[in-house]
Amino acid sequence: MKAAFLFVILPWIVLGCNAAKTTSTVKEPTDIVSSSRQALNQDQIIYFRAAGNEPFWSLKISDTGFQFSYFTSKIQTFNAPLVAPIAGQDANVKRYRIVTESGQMNIQIIQNDCKDSMTGVLSPYTVEVELKLGTAPIFITYKGCGEYITDARLHDTWILETMNRKPIGNDDFSMGLPRLEINTKSNHFYGFAGCNGMSGSVFFEKEVLRFTKIATTRKMCQTQNKEIDFIKILQSTTSYEISNDKLILRNTSGEELIFKK
């Protein structure tokens with residue numbers, strides 16, 4: 001029975017539709033297939049995905065809103081405009097409260113390892129969705145796993161240009177300018193810190209970027225080399241901006257690194 005459900009639901013999990021209106025709609029499988037091109041366009045702005053099993057469901061959060069799809073006897077979709085999350089104070093938890101003419105939806109996203117109950121695949125977030133349509137007396141709860149989709153524009157090689165609003169050169173890094181090679185598919189980075197090679201992990205959420213688990217080689221550096229300053233700012237980065245082929249990294253202290261492609 002599970003295999004039959006899986007066969008039916010897989011096309012639905014990978015496809016979506018634009019959330020231009022706040023509606024609750026019922027879509028036949030043929031409608032889902034015919035809108036594949038439209039779904040691919042929306043995939044470019046989706047930054048969080050989640051899914052669960054028995055009953056099968058999926059959640060997409062994009063710059064335009066929420067799309068929650070679930071399977072009963074048919075594939076049904078609840079769309080709603082984007083609202084700001086309520087952040088937890090003691091843990092990395094985000095809660096959304098959505099109220100529309102069609103119904104209500106509560107979403108909770110917790111940073112915590114989550115294993116898919118059918119595939120065993122691990123995801124970094126556990127997700128719970130509560131949905132109540134129309135005049136229904138109670139919420140129906142859906143549980144599953146999710147992940148943020150790292151901004152694809154970060155996937156490139158970046159060369160340091162300025163540090164704390166001052167241009168850098170050979171006097172600062174005589175062995176070569178620092179560079180970052182970011183892989184958004186694996187969420188890892190590699191590069192050169194100005195004296196030593198370096199590598200680490202990329203942590204991404206909407207409008208949040210951190211470089212973690214940074215490791216470097218142990219080559220002796222000249223005293224005037226600013227590698228230590230560079231790594232300190234990189235480790236404390238919390239936000240980013242990409243504009244005109246420039247990557248700007250900032251921390252909460254106002255320190256800044258600017259890279260060019």
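Phe68 is buried, and Tyr70 is buried as well; the term buried denotes under 20% relative accessible area, exposed denotes over 50%, and partly exposed lies in between (1.4 Å probe, protein chains only). The model is a predicted one, in which local features need pLDDT of at least 70 and side-chain atom pairs count only at pLDDT 80 or more, while totals for chains, interfaces and linings use all residues. Residues are numbered from 1 along each chain as its sequence is written, and side-chain values use heavy atoms, with hydrogens and water left out.

**Aromatic pairs**

- A pair of aromatic rings is described by the distance of the centres and the angle of the planes.
- Eleven aromatic pairs are found in a search of the whole structure; rings of Phe, Tyr and Trp (its six-membered ring) pair if their centres lie within 6.5 Å, and planes under 30 degrees apart count as stacked, over 60 as edge-to-face and the rest as tilted.
- The ring centres of Phe68 and Tyr70 are 5.6 Å apart and the planes lie at 25°, so this pair is stacked.
- The ring centres of Phe189 and Phe211 are 5.3 Å apart and the planes lie at 90°, so this pair is edge-to-face.
- This second pair links distant parts of the chain, since Phe189 belongs to strand β14 and Phe211 to strand β16, 22 residues apart; helices (H or I, at least four residues) and strands (E, at least two) are DSSP runs, numbered from the N terminus.
- Phe189 counts as buried because its relative accessibility is 0%, and Phe211 counts as buried because its relative accessibility is 2%.
- One aromatic cluster is formed by Trp57, Phe68, Tyr70 and Tyr142.

- Strand β14 (residues 188–192) runs antiparallel to β15 and is joined to it by five bridges; two strands pair if DSSP finds at least two bridges between them.
- Within this pairing, Tyr190 stands opposite Ser199 in β15.
- The hairpin of β14 and β15 has four residues between the strands, and Gly194 in the turn has a positive phi of about 110°.
- Strand β16 (residues 208–216) also runs antiparallel to β15, with seven bridges joining the two.
- Here Glu205 stands opposite Val208 in β16.
- The hairpin of β15 and β16 has two residues between the strands, and Glu207 in the turn has a positive phi of about 65°.

**Strands around β10**

- Strand β2 (residues 46–52) and strand β10 (residues 140–148) run antiparallel and are joined by four bridges, and Phe48 has Tyr148 in β10 as its bridge partner.
- Strand β9 (residues 122–133) pairs with β10 in the antiparallel sense over seven bridges, and Glu130 has Thr141 in β10 as its bridge partner.

- Helix α4 (residues 227–235) has Glu227, Phe230, Ile231, Ile233 and Leu234 buried.
- Exposed residues Ile228 and Lys232 lie on the face of α4 turned away from its buried side.
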